Amino acid sequence: MPTNAFGNRGQYLTKLMDSLRAPIVSRWGSILLRRALLSGVDTPPTVNGADFTAARAWLLLRQGESDGARMLVQSVDIDRASPRLKQVALQTYLGAADPGGACPYVPTMAGRGEPTWDLAQAMCASMVGESGTANAVLERVRRRGHLPRIDVKLAEKVVGAGRDSRRAAIVRWDNVDQLTSWRFGLATTTGVEIPNDLWRTATPAMRSWAVQAPMIGVDQRVAFAEGAAARGVISARAYVDLVS
């Protein structure tokens, strides 16, 4: 699309993107929408550039386009990221099974009362070998009890995989009845198998994320590939290659 394709109607377009119920019905409409959202366009003067990128990335992620959403998030310099872009970035990197991608945003987001960002701080500290900080933050979040046990346990699994970590976590899915982006992203990152019963609760977007995640077993990816191809997330050629 041309750089001035969106004109001056930035607030209207942002509201439109936020209100769209994804995934849309038409495969070709979905492909066209992806191309439009990923086009290098000027930011309309009525909106913040980082927020406009966040709205586009959030819609892509809801469409199942985790790779495209990550490309958009990475196009904005860290020091120019708005609060909304930082929140979308966390969800995007979970969808891409790459929680380490959210680490640059942690210094300005952790410690503000959002336990998921505090757990992100623990995971990121572990990745750079600061196991003491990681364990302290993890225990603080656990004591507060604001998050389900499984969410903390999955973060602990990531911490245990970090540098110089002596922490080990065994993840059990007992009494877990819903697959969330947090659970998808961290389980996929650490190679924890997601039970079939939980896959049945996954949204169409999550199933498309799974097809794009090489860490997930090929049998599971093939099971979701037909739906991803029908929604336009993967091409017909990619679908045939995966099945082959």
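I will go through some of the salt bridges in this predicted model.

First, the ground rules. Residues are numbered from 1 along each chain as its sequence is written, and side-chain values use heavy atoms, with hydrogens and water left out. Because the model is predicted, local features need pLDDT of at least 70 and side-chain atom pairs count only at pLDDT 80 or more, while totals for chains, interfaces and linings use all residues.

The structure has 10 salt bridges, a salt bridge being a side-chain nitrogen of Lys or Arg within 4 Å of a carboxyl oxygen of Asp or Glu.

Take R34 and E65. Their closest N and O atoms are 2.8 Å apart. R34 sits in helix α2 (residues 27-38), and E65 in the loop between α3 (49-63) and α4 (66-74), 31 residues apart. Helices are DSSP runs of H or I, at least four residues, numbered from the N terminus. R34 is buried at 18% relative accessible area, and E65 is buried at 6%. Buried means under 20% relative accessible area, exposed over 50%, and partly exposed in between, with a 1.4 Å probe and protein chains only.

Next, D151 and R183, with closest N and O atoms 2.8 Å apart.

Elsewhere, salt bridges with shared partners join E139, R142, K153 and E156 into one network. Within it, R142 pairs with E139, closest N and O atoms 3.5 Å apart. Both lie in helix α8 (residues 131-144), three residues apart, about one turn of the helix. R142 is partly exposed at 32%, and E139 is partly exposed at 27%.

Definitions and conventions. Helix = DSSP H or I, 4+ residues; strand = E, 2+ residues; numbered from the N terminus.
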